[in-house]
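Open the model in your viewer and keep the selection tool at hand. This tour moves from one selection to the next.

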Amino acid sequence: MKKIYLLFCAAMMTLSAAQAKVIFHESFDAPNGTVGELRAGDTNTEAFFDGYSYEETRWWTHLGSSNYVKVAEGTLSYPGYQTSGFGNKAYLWSTGADDIRSLASKGVTSGKVYLSAIIHVDVVKANATPDYFLTLCDHANGYYLGRVYTKSVQENGSWAGFRLGVAKANDGDNYLRYTSEVFAPQTDMLVVIEYEFVAGEKNDIVRLYVNPTKETTSPTLECVQDTVTGGGVARGAHTQADAGSYGLFGVMLRQGTNTPKVYVDEIKVTTSWADVWVEKQGGEVIEDTSVDNIAALKTATVYKGVLLKSQPVVVYEKNGNVALQDSTGAILVNDYMDSRLLNGVQAGDQLSNLTLIPVESEHFIDGLHTARLSSKTTPAVASSGNSVTPFEVTLADAAQYGPACVQLKNVEFVIGAEKKFTVGLQAIQQGEATADLNIPNGCNIIGEDLPAKASVKAIVVKNDESGLRLQISASADVTDRVAPSGTGMENIQKSEVSVQKVIRDGQLMIIRNGVIYTATGAEK
Ligand SMILES: [Ca+2]
Ligand SMILES: [Ca+2]
């Protein structure tokens, strides 16, 4: 245990920079094209759920399959917020596909969340119903919370500019609030949405800041219950549900019927006002982008996919999950939605270029540490035909190595009426610790005599409420077998026999560990 503890401490140190202040920063550092787009085989539903689940490394089109949000040439910048922008910018125009990008494996559920962006409103449709184009997302309730709207303003029959609006959730004048100021188009502006969680139902607060500075203390607009009434109805109010139990998980670029022609860039999500002003340096996201090994990955608290540098070996494949092992540990990697990334990968392959997102405990599969494969990088097979070195552990510690290959010395086999290996589960124990050893169909150990004790090389395949389960793959995985006392001569190991042939009363006898047996196994 001490060894593991030290290992984890080392892993934590390598991740000290991962306590990111900016949990999302999108510069659209991509070539001209679409921001997100359905790929062959994708559906909007998959994209939506994938975005919800853990995918924060790319934008997903969760509604629509045409007129995708585009990447436009050139970046936006805003003094004091992102003084030098990076890459390009997003371009939205009228109705079309909506794109979501996730913040984290699980959303933010308390405190305050800030969504900020530089916008450049080019054209707002005249006399059109107001529409929103940027919002935070809450998958659990299917809500888009903290929406930024534009509303065209006509003066003397011609377009004079636009107002910015904010709503906590739903459309409609009863919930929307607008700036009194009318803004001129084609200007770089900074907008910040502040979502504040408040204990209780239907009482979370949403605020909008227009062109704030770090020193700004008052919002431009606030959606608080009963702050303003219009026609006797509370505006900006809380007749709508708050973010659900999964919290705020993503950012959406939305193209509705009356969405303005607008450029959006340098989008950040933070959990404090001060962090809104943390600028991206050198084009790099401020968070860690890599971990040294699997032990570090297991203890990581990161919002992004991280590159695993240790180039682990594939131990086995299980229900579409691949177990990877390096010298520090093993982890199951889930490739759902992206099976194309690990397509054709086999046991013994050493993989490079793996970007993984650690998964929280409630998403463990069979109680084993799990990571989600990110599509940020495409894994490559660096070499094939490798074998992994088992971790030498006790049965009590084996669970912590799931889903690794482990070597156990002298575990005891529970021998029932059936005294041979059969297909299924075979109980083993070592001191107080117990486990089931799975004997898979077709394994060449089936039919061999059960030993009283043996050394076992196995893979940890399950560690949940039903207990710890290990699996062997061949007879050769069970070595140093010690036959149960009182069995026939065929089960006795050479090393146990001190005198190989004794004749007593005219019978052939053997002596095993100082006890004399007949050739049929009866003790004398
Ligand atoms: Ca940019
Ligand atoms: Ca609340």
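This is a predicted model: local features need pLDDT of at least 70, side-chain atom pairs count only at pLDDT 80 or more; totals for chains, interfaces and linings use all residues.

Select seven strands, in the order β3-β6-β17-β8-β9-β10-β11. Their pairing is antiparallel. Now go to the edges: β3 (60-63) and β11 (177-178). Each has a single partner strand, so one side of each is left without a neighbour in the sheet.

Next, pick out two partners within the sheet. Select residues 131-138 for strand β8 and residues 143-155 for strand β9. Six bridges join them in the antiparallel sense. Which residue of β9 is the bridge partner of L136? Click on L145 to see it.

Move on to the nonpolar cores. The largest has 68 residues. Select V148, V191, I193 and V264, the residues with the most contacts inside this core. Then highlight residues 112-123, which are strand β7. This strand gives the core its largest share, seven residues.

What does V191 touch, leaving aside neighbours within four places in sequence? Its contacts are S116, A117, I119, V148, L164, L208 and V210.

Another core lies apart from the largest one.

Finish by colouring the chain by pLDDT. The mean is 81, and 74% of the residues reach 70 or more. Select residues 1-20: here the pLDDT is below 50. Beyond near neighbours in sequence, this stretch has 26 contacts in the model. Residues 283-287 are also below 50, with 14 contacts beyond near neighbours in sequence.

Key:
Residues are numbered from 1 along each chain as its sequence is written. Chains are lettered from A and ligands numbered from 1 in the order in which they are written. A nonpolar core is a set of buried Ala, Val, Leu, Ile, Met, Phe, Trp, Tyr and Cys residues joined through C-beta atoms within 7 Å. A residue is buried if 20 or more other C-beta atoms lie within 10 Å of its own, exposed if 12 or fewer, and partly exposed in between; C-beta atoms are placed from the backbone. Helices (H or I, at least four residues) and strands (E, at least two) are DSSP runs, numbered from the N terminus. Two residues are in contact if their C-beta atoms, placed from the backbone, lie within 7 Å. Two strands pair if DSSP finds at least two bridges between them. pLDDT is the predictor's confidence in each residue, from 0 to 100.
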